[in-house]
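Visitor: Before we look at details, could you show me how to read a fold from its coordinates, one feature after another?

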Amino acid sequence: MLLAEVLLNDTLPPLRRLRALLSARGILLVTAALVAVTVYLSGADATVTAILFGLCAIAILMQRQPEAALAQKPASQDGDPPPADLLRPTVYATLGALELPVVVFRKDATVLFQNRAMDKAFGPLAEGSHLSARWRSPSILDVIRETIATDEPNQIEHSERLPSERVYVVRIAPVDLPVGMPTGDKLYIMSFKDISELRRIDRMRSDFVANASHELRTPLASLKGFIETMQGPARTDVKAQERFLAIMLDQANRMSRLVDDLLSLSRLELKAHLAPNEMVDLVPVIGHVRDSLAPLAAELGIELRLHLPPSRVEVMGDRDELVQVFENLMENACKYGQEGKVVDVHVRNEPGHAVEVSVVDHGPGIPAEHVPRLTERFYRVSVADSRSKKGTGLGLAIVKHILTRHRARLIVKSEIGKGTDFTVRF
């Protein structure tokens, strides 16, 4: 019932009913306050958080309170606030359900509670332990002291190097409990928001811009130099002009390949979340790729051997994109494994196992330290070798993006002196 109805009810003395009502609903108000603080620490706008808390408080105060529950309250408890222990189960359960690592501490910087996410991220810390027992960073300890001294929220950016490099936004704020609630010491909340992925994407973006600029700068510089030479010293030298024009065409083709690969990557990223919904038979796809690469294989002296099953091998996919995947893998095998003179392509569809397509060369192999980074944009085992063979450094990055869209995996195995095996597993 409404607060006015409680006061006008003749069943209990008005003062006793009002105290009972506030005591029963005080726990909910404290819980709403802690949840609002946690939402604010998670990055929500302060105005939105305040409105959320206000709506929760109004709903709690207007909630009907059973008269029987009020009447059964022992008279000896009149005027007694709810014990602090009644707050803990509800508050701890609420904070424990959050994915955001959170620790509640007292004014002396000793731990009162930390949730499961905090245990997982930073390890357990016993109640009563000082925060400096886990976080020894001067910046964190300084902001804790500043928050306690000023009673104002603060935040900093903090990096953890072990067991792996992670970056967090650390926010610390005092907990403002409703007037009249038992608090004991002043309480504070410290939360850790993981922004490692955002930092990694920022680095990737800056590296990508730097690498793309570098890749375009070289051919542009060549074109500019040859044009200036043809306009100056070689103005009347027909043979030099013919030689320069051939080089300029090669550099222009290089830039064209780079731009085409960049556009392919951009298109793939836009539809990365859309899985293909058509069935594609891999046997004719592999045959088509072999036929299209036959002139290159003949020029390099490579024999392309296909090992195909007699029946259809169907997977869910986009035919054009799968052609692009196997063209990249087989072309790389021909170019960089040509010392082995043979490239084997196996299509396996064994009952009870995933469909696999393996492209195996018998060339010099790839050093183990390079294998994990092969699908990075612009990453090359040998820059000079890649450029001499007209590579852009984006082929395997495109393969990875296509296979990610197809929910497939690329498995690379290589041994120095024996060759490399690129396996696509659907």
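The dialogue below goes from the whole chain to single strands and a helix.

Guide: This is a predicted model, in which local features need pLDDT of at least 70 and side-chain atom pairs count only at pLDDT 80 or more, while totals for chains, interfaces and linings use all residues. Residues are numbered from 1 along each chain as its sequence is written, and side-chain values use heavy atoms, with hydrogens and water left out.

Visitor: How many helices and strands does the protein chain have?

Guide: The protein chain has 14 helices and 12 strands, taken as DSSP runs (H or I, at least four residues, for helices; E, at least two, for strands) and numbered from the N terminus. Of its 426 residues, 41% are buried, meaning under 20% relative accessible area with a 1.4 Å probe, protein chains only.

Visitor: How should I read strand pairing, and which strands pair with S5?

Guide: Strands of a sheet pair through backbone hydrogen bonds, either parallel or antiparallel; here two strands pair if DSSP finds at least two bridges between them. Strand S1 (residues 102-106) is antiparallel to S5, with five bridges, and Phe-105 faces Tyr-188 in S5. Strand S4 (residues 166-174) also pairs with S5 in the antiparallel sense, over seven bridges, with Ala-173 and Ile-189 as bridge partners. In S5 itself (residues 187-194), six of the eight residues are buried.

Visitor: What is the strand order in the open sheet of five strands?

Guide: The order is S7-S9-S10-S12-S11, with mixed pairing. Strand S7 (303-307) and strand S11 (409-415) are at the edges, each with a single partner strand, so one side of each has no neighbour in the sheet. From one strand to the next the twist averages 15 degrees. S11 pairs with strand S12 (residues 419-425) in the antiparallel sense over seven bridges, and Val-412 is opposite Phe-422 in S12.

Visitor: Which residue caps the N-terminal end of H12, and which residues of the helix are buried?

Guide: Asp-318 is the cap, with a side-chain oxygen 3.1 Å from the backbone nitrogen of Asp-320. An α-helix has 3.6 residues a turn, so residues three or four places apart point the same way. The buried residues of H12 include Leu-322, Val-325, Phe-326, Leu-329 and Ala-333.

Terms used. Buried means under 20% relative accessible area, exposed over 50%, partly exposed in between (1.4 Å probe, protein chains only). A polar contact is a pair of N or O atoms within 3.5 Å; within protein, one must be able to donate a hydrogen and the other to accept it, and residues adjacent in sequence count only if both atoms are side-chain atoms. Axes are lines fitted to C-alpha atoms, for helices over the stretch in contact, and angles run from 0 to 180 degrees between N-to-C directions.
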